Amino acid sequence: MRPKPHVTEVTAGVKLSHPHLWDGHRVFKLEEGSVGLVAFVAIHSLRQCSWLGWPAALGGCRFKEYTSSEAAIADVLRLSRAMTYKAALAGVLFGGSKTVVLGNPKRLKTGDFLLALGAAIQEFNRVFRVGVVKTGEDMNITESDVAVMSHATAFVNGKPRFLSGSGNPAPFTALGVVEGIRVSLEHTLGPDDEPIAGRTFAVQGLGSVGLPVVHMLRERGAGHIWVSDLDESCMGKIIVGEERDAVSYLAPGSVGSLNGTEVFVPCAVGGFLNERVVAELRYKIVAGSANNQLADEKAGDLLHAYKILYAPDYCINAGGLINITHEDHPEGYNEARVREHILLIPQTLKKIFERSRAEDVPTYRVADQMAEEIIKASFIKP
Ligand code: NAD
């Protein structure tokens, strides 16, 4: 029989050690010595979830080798807070939480370890009692890892379709991004029946999200698309049919300073937009899936000052989050319903852009303000 996982509440200690990082509910430590499992779960906010009949929170599970427990706690606090903001703007019925697992995934992550992690999440929810806290994919936790964990816990979302889950979230993230690009173009260039048609794009990163974004842009009649990836062979993944010249490869170092291209679509790494890069940008719009695109607030202020429209990352990239929450819909997962929900993303972006223009405030600040208004009105306070 599997050893019982150990669940300890560490909220009081965290409040003392990280007073400026924590304005959330509760933090727990999960341990299971036989497999070397140490994890932290932070519940930043809860929201009454009518689908589940409980206050609930959701956020992925990140598996990473941290330099210390303190560094892991700082990360889980920051990430769970970010989930609250993302969930608020995405209109999902969950608050924000996050799980971090400490250690080297290459060394530790076995089937047995994942079952122990699932069992620890199950036990934590039993101890927590106040609501339902679910987790799922994130860095070094894949869809198939979630499938293994689901043998030991009901508190994971993002299972494969063959386990009645919502499957790969990336195509849904991509749909939200393309809809976000559409509304960004309308805001910048005026109303248009086919705002994407004939427009030019630079897509950074041709991975799980970037590739479907390129295909959807082509389907909607995009003009030329430049694609940049560290791996030049990625171009082999693009299907352009007859139009062989419609998509070209661009060396990663040149993507920031491309002249004559209208939309920059970052779908690779975070922190790319720093003051130096923003000063060189030649695009009208920045709208892509990458998390934490702005290296700092100054980069966001500069985009606003240069009149480059920035679609706040955590709003435009929420399609994957929306997708996994629909696993809990009382009538079961339904892709058509998910697609309808994702169309909230362009509506929210439109509100952000209009308020930014009316108040002359950078879009990233408006997104935070709008999220905070929703949190104040609809989330359960700590
Ligand atoms: P991925 O790992 O599948 O693809 C990323 C691609 O970017 C890879 O092909 C990589 O070679 C390339 N890349 C890395 N650094 C680069 C650079 N400097 N220049 C050009 N290319 C570079 O990742 P993904 O799932 O497609 O996610 C992309 C981004 O979107 C990430 O920041 C991720 O956190 C974010 N995001 C993804 C999802 C999702 O559903 N997958 C949801 C929300 C946010």
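The model is predicted.

**Domains**

Begin by colouring the protein chain by domain. Select residues 6-84 together with 94-161 for domain 1, and residues 170-368 for domain 2. The centres of the two domains, taken over C-alpha atoms, are 29 Å apart. Where domain 1 and domain 2 meet, the contact is formed by eight residues from domain 1 and seven residues from domain 2. On the domain 1 side of this contact, five residues are nonpolar, three are polar and none is charged.

**The nonpolar core**

Next, select Ala 39, Leu 117, Val 203, Val 213, Val 265 and Cys 315. These residues have the most contacts inside the largest nonpolar core, which contains 115 residues. Helix α2, residues 69-90, supplies the largest share of this core, with 11 residues. The core also draws at least three residues from each of domain 1 and domain 2.

Now centre the view on Leu 117. Which residues is Leu 117 in contact with, leaving aside its neighbours within four places in sequence? They are Leu 37, Ala 39, Val 101 and Met 149.

**Helix α6**

Move to residues 170-189, which form helix α6. This helix has 20 residues and reaches 28 Å from its first C-alpha to its last, close to the 28 Å expected at 1.5 Å a residue. Is α6 mostly covered or mostly uncovered? It is mostly covered, with 16 of its 20 residues buried. Then select Gly 190, just after the helix, where phi is positive, at about 95°.

**Helix α7 and Glu 219**

Select residues 210-219 to display helix α7, and then highlight Glu 219 within it. Why does Glu 219 count as exposed? A residue is called exposed if 12 or fewer other C-beta atoms lie within 10 Å of its own, and Glu 219 is exposed because it has 10 C-beta neighbours inside that distance.

**The ligand**

Finally, select the ligand and display the residues around it. How many residues surround the ligand? There are 25, and the closest are Thr 173, Gly 205, Gly 207, Ala 268 and Gly 320. Colouring this shell by class shows 11 nonpolar, 12 polar and two charged residues.

Terms used
Residues numbered from 1 in each chain as written. Predicted model: local features only at pLDDT ≥ 70, side-chain atom pairs only at ≥ 80, totals over all residues. Near = placed C-beta within 6 Å. Nonpolar A, V, L, I, M, F, W, Y, C, P; charged D, E, K, R; others polar. Domains from an automatic or database assignment. Contact = placed C-beta atoms within 7 Å. Helix = DSSP H or I, 4+ residues; strand = E, 2+ residues; numbered from the N terminus. Expected span 1.5 Å × (residues − 1). Core = buried A, V, L, I, M, F, W, Y, C linked by C-beta atoms within 7 Å.
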